[in-house]
Amino acid sequence: METAGICTRLRESRDKMLDRLRCLSERAKGSSWGLKALLVFLHVLFVGTAFLLDPTLARKTKEEPWYIAIYLVLLLATLVQYFVTSGSSPGYVIDAMRVRNETHATYVNASRLSKQSTSKNGSLPSSTNCNQLGRQNSRTTSSLWSQIVMDLYPPGSSSRDWTCSYCNVIQPPRSKHCHDCDKCVLQFDHHCVWLGTCIGQKNHCRFWWYIFEETILCMWTVVLYVAFLRLDIFKAWWKDFIAVVLLAILIFILIFLLLLLFFHSYLVMTNQTTYELARRRRIFYLRGIPSKVYPFNQGICRNIYTFCCARDKYVLEAVPAAEELQARARPYTCNDIISCRCC
């Protein structure tokens with residue numbers, strides 16, 4: 001009786017925690033639109049103030065229209081990239097599971113129907129056979145994903161380690177459950193508050209391009225403010241004050257964007273994620289691997305190609321064997337440098 005009561009209390013506490021997480025996720029979805037509106041407002045504020053304060057920009061628009069046109073196109077492209085990235089899917093495990101099962105079921109149905117159509121009597125399959133075929137396919141597809149994921153982990157791994165305790169989904173390596181999205185994400189990097197979505201396998205490349213465009217736009221805007229402050233004309237003191245305050249904020253944002261861009265470029269070249277780098281000791285299949293060994297690294301060139309050009313399909317990466325990891329852990333030699341081992 002005491003054991004049953006303890007289990008009941010544990011279930012109730014778990015349900016309460018899940019309800020709180022759902023409420024927090026709903027609040028986050030509502031606040032994400034406010035953050036998007038704030039981000040658009042900040043872009044309009046910094047760019048619009050630069051044009052209002054600097055009288056020479058209007059003359060430059062007539063003398064060098066291409067200069068202002070390129071700047072405004074960059075501004076528009078950055079905002080479009082922001083909304084495209086925020087509306088894109090990070091690549092959910094449940095979607096990858098559905099695609100794999102549908103592909104397998106289509107292949108199995110086509111092969112079985114072709115065998116039945118070429119049978120000796122040439123008779124059509126009965127409804128009973130079709131129902132049996134559907135039940136067999138459902139059992140096969142349910143175990144197919146389990147077998148695929150099992151083959152990706154090192155031998156001896158327990159199913160408890162790669163089964164999500166929140167949505168009961170079998171997670172392939174590099175996946176993690178996001179409490180804000182309430183779904184498991186492939187190659188989970190982080191949940192971006194400004195974008196209102198997770199960054200994962202399917203939209204990490206878009207996220208990198210957004211940071212890159214935002215950094216270039218911020219640099220260009222800083223140049224405009226510096227050029228205004230260096231003008232050798234009479235200006236009201238409050239204009240210089242506003243320009244200095246906005247320039248200081250822009251420099252702070254630029255430093256943050258540069259650090260973020262360099263950090264994610266490093267992750268791309270080594271085929272890592274922010275979650276793997278920050279929580280390496282908490283991930284069971286990364287605990288015994290030296291910190292300087294990147295298990296999913298395929299070389300800089302191949303990492304960049306996969307990151308940029310291989311996002312049309314769901315990619316499931318297996319954890320390398322221990323022998324391969326030991327080979328990667330050895331220090332570089334002159335022969336390795338000549339043979340471009342890092343590439």
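A: Let us begin with burial: a residue is called buried when its relative accessible area is under 20%, exposed when over 50%, and partly exposed in between, using a 1.4 Å probe and protein chains only. This is a predicted model, in which local features need pLDDT of at least 70 and side-chain atom pairs count only at pLDDT 80 or more, while totals for chains, interfaces and linings use all residues. Residues are numbered from 1 along each chain as its sequence is written, and side-chain values use heavy atoms, with hydrogens and water left out.

Q: Is Tyr67 buried or exposed, and what about Trp220, buried or exposed?

A: Tyr67 has a relative accessible area of 17%, so it is buried, and Trp220, at 18% relative accessibility, also counts as buried.

Q: How many aromatic pairs does a search of the whole structure find?

A: Rings of Phe, Tyr and Trp (its six-membered ring) pair if their centres lie within 6.5 Å, and planes under 30 degrees apart count as stacked, over 60 as edge-to-face and the rest as tilted. The search finds 16 aromatic pairs. One of them is edge-to-face, joining Tyr67 and Trp220 at 5.3 Å centre to centre with 70° between the planes. This pair links distant parts of the chain, since Tyr67 lies in helix α3 (residues 65-86) and Trp220 in helix α6 (residues 204-229), 153 residues apart; helices (H or I, at least four residues) and strands (E, at least two) are DSSP runs, numbered from the N terminus.

Q: Which helices hold Tyr82 and Tyr210?

A: Tyr82 and Tyr210 form a tilted pair, 5.5 Å centre to centre and with 50° between the planes. Tyr82 is in helix α3 and Tyr210 in helix α6, 128 residues apart, and both residues are buried.

Q: Which residues do ring pairs link into a cluster?

A: The cluster consists of Phe51, Trp66, Tyr67, Tyr71 and Trp220.

Q: Which residues touch the most other members of the largest nonpolar core?

A: A nonpolar core is a set of buried Ala, Val, Leu, Ile, Met, Phe, Trp, Tyr and Cys residues joined through side-chain atoms within 4.5 Å. In the largest one, which has 31 residues, Trp145 and Tyr285 touch the most other members. Helix α5 (127-152) is among the elements that each supply at least two residues, and the largest share, five residues, comes from α5. A second, separate core of 24 residues includes Val47, Leu57, Ile68 and Tyr71.
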